[in-house]
Amino acid sequence: MSASMDVTRPLPGAAFGAVVRLAQPLSVAMPDGLPQALAEAGGLLLVPDAHPISRAPELLARLSRLFGPEVEDYRHLPTGRHMVHESQPEIYLVTNTVPGARPPPARPQPPLTTDGRLPVQYPHRKGWHTDQSYRRPPPDISLFYAVTPADRSRGQTLFASGILAYEALPAALKARVETLQGLHAQPGTGRGRKEALAGQTPRPFAPHERSQPQPVVRVHPVTGQRALYLCEYGQMDWFDGPFVGMQPGPHGDGAALLDELMAHYTQPRFVYVHEWSAGDLLVWDNRCLVHAATWYDAEKEQRLMWRTTVRGNPGPIYAGERRSWIAREAAV
Ligand SMILES: [Fe+2]
């Protein structure tokens, strides 16, 4: 049985995305129109008042399966058990409330723009990324549910549309990036821009940790739309990249191009700022947008968010590939 819903586009204050209001509370009937709504909204949906998920976490796993058959199951990955929901192994905990949890990102400096706004544009705002782009094939969709968000004025999630940013590229830049590949690095492997600027020598990779090339322009497998597919400081490889075949390193031609593209990508006209309320569910398409987290006061606030990741439809360029992040497959 499917559940009816009301879709309003775009998201308030943005040029893309949609708000989906469900006719009935989430329960047995699943809103199976969500994937189509996601494609039509340019890859970002807000479903407010999804509170039943807090009491029945299996609903989040069932919702995730609407978007594809492969929902990441953390029983099969070396992720610490404390980072995974105790009864629902598809739910990754994004929080400051468990041992070993990561703190929120630092505040940008200065914390506000000259006209008093939250900074969104790179490089003032850093941390823009698309989830797990250091894997081939990369994932498709992320679902992010607010059990206990930070105060609405902090801990926001920012989104920039890769579709709108690509469309607005000057023709010469479009031609320049058409066949270019970015080299995406797994955070923690020591390949980030900070490490490169500090002159560090990165440790050798295990085969399943290797940085992965990805097209800068991705063609969406469902909509056929083209979108910029890029990350910046910590999720690109600044030793061998950031672009394949260009001068590498943090001072090279590749770095200059990446800075230009990311500043273009994250202009406020392409950005949506989500201020969280408890029970909000966001669904985003990693194939056509980037996102960034913002600071909150982890000393005073306890934040608990649940995330699932769906994969299985990255597009024909990845057809038949082994999974780069699984040790026994990467080593073959
Ligand atoms: Fe993310």
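This is a guided tour of a predicted model, one selection at a time.

Local features are described only where pLDDT is at least 70, and side-chain atom pairs count only at pLDDT 80 or more, while totals for chains, interfaces and linings use all residues. Residues are numbered from 1 along each chain as its sequence is written.

**Stop 1: the whole chain**

Show the protein chain as a cartoon. It has eight helices and 15 strands. Helices (H or I, at least four residues) and strands (E, at least two) are DSSP runs, numbered from the N terminus. The radius of gyration is 19 Å, close to the 20 Å that the globule rule gives for 332 residues, so the chain is as compact as a globular protein of that length. The radius is taken over C-alpha atoms, and the globule rule is 2.2 Å times the number of residues to the power 0.38. Along its principal axes the C-alpha trace spans about 55 × 50 × 45 Å.

Of the 332 residues, 43% are buried. A residue is buried if 20 or more other C-beta atoms lie within 10 Å of its own, exposed if 12 or fewer, and partly exposed in between, with C-beta atoms placed from the backbone. Among the contacts with a separation of 6 or more, 77% are between residues 24 or more positions apart. Two residues are in contact if their C-beta atoms, placed from the backbone, lie within 7 Å.

**Stop 2: strand β7 and its sheet**

Select residues 157-161, which form strand β7.

Two strands pair if DSSP finds at least two bridges between them. Strands of a sheet pair through backbone hydrogen bonds, either parallel or antiparallel. Within this pair, Phe-159 stands opposite Tyr-272, and Thr-157 stands opposite His-274.

With the three strands on screen, the open sheet can be read in the order β12-β7-β14. Its edge strands are β12 and β14, each of which pairs on one side only. The twist averages 20° from one strand to the next. For such angles, axes are lines fitted to C-alpha atoms (for helices over the stretch in contact), and angles run from 0 to 180 degrees between N-to-C directions.

**Stop 3: helix α3**

Select residues 58-65 for helix α3 and show the side chains of its buried residues, Leu-59, Leu-60, Leu-63 and Ser-64. Why do they lie on the same side of α3? They cover an arc of only 140° around the axis, which puts them on the same side. The arc is that of the directions from the helix axis to the C-beta atoms. An α-helix has 3.6 residues a turn, so residues three or four places apart point the same way.

Next, show what covers these residues: the list includes α2, β4 (70-71), β6 and β15 (304-311).

**Stop 4: strand β15**

Keep β15 selected. Six of its eight residues are buried. Which strand joins β15 through seven bridges? That is β6, and the pairing is antiparallel. Look for Tyr-145 opposite Trp-306 in β15.

Strand β5 runs antiparallel to β15, with four bridges between them; Tyr-92 has Arg-307 as its bridge partner in β15. Strand β4 also pairs with β15 in the antiparallel sense, over two bridges, and Val-71 has Val-310 as its partner.

**Stop 5: backbone details in the loops**

Zoom in on Arg-9 and Pro-10, which are joined by a cis peptide bond with omega about -10°. Pro-10 is in the loop between β1 (5-8) and β2 (18-22). Move to Arg-136 and Pro-137 for another cis peptide bond, with omega about -10°. Pro-137 is in the loop between β5 (92-95) and β6 (141-148).

Stay in that loop between β5 and β6 and select Gln-132. Although it is not a glycine, Gln-132 has a positive phi of about 55°. Gln-132 is buried, with 20 other C-beta atoms within 10 Å.

Finish at Asp-49, in the loop between β3 (44-47) and α2 (52-55). Asp-49 is not a glycine either, and has a positive phi of about 55°. Asp-49 has 14 C-beta neighbours inside 10 Å and therefore counts as partly exposed.
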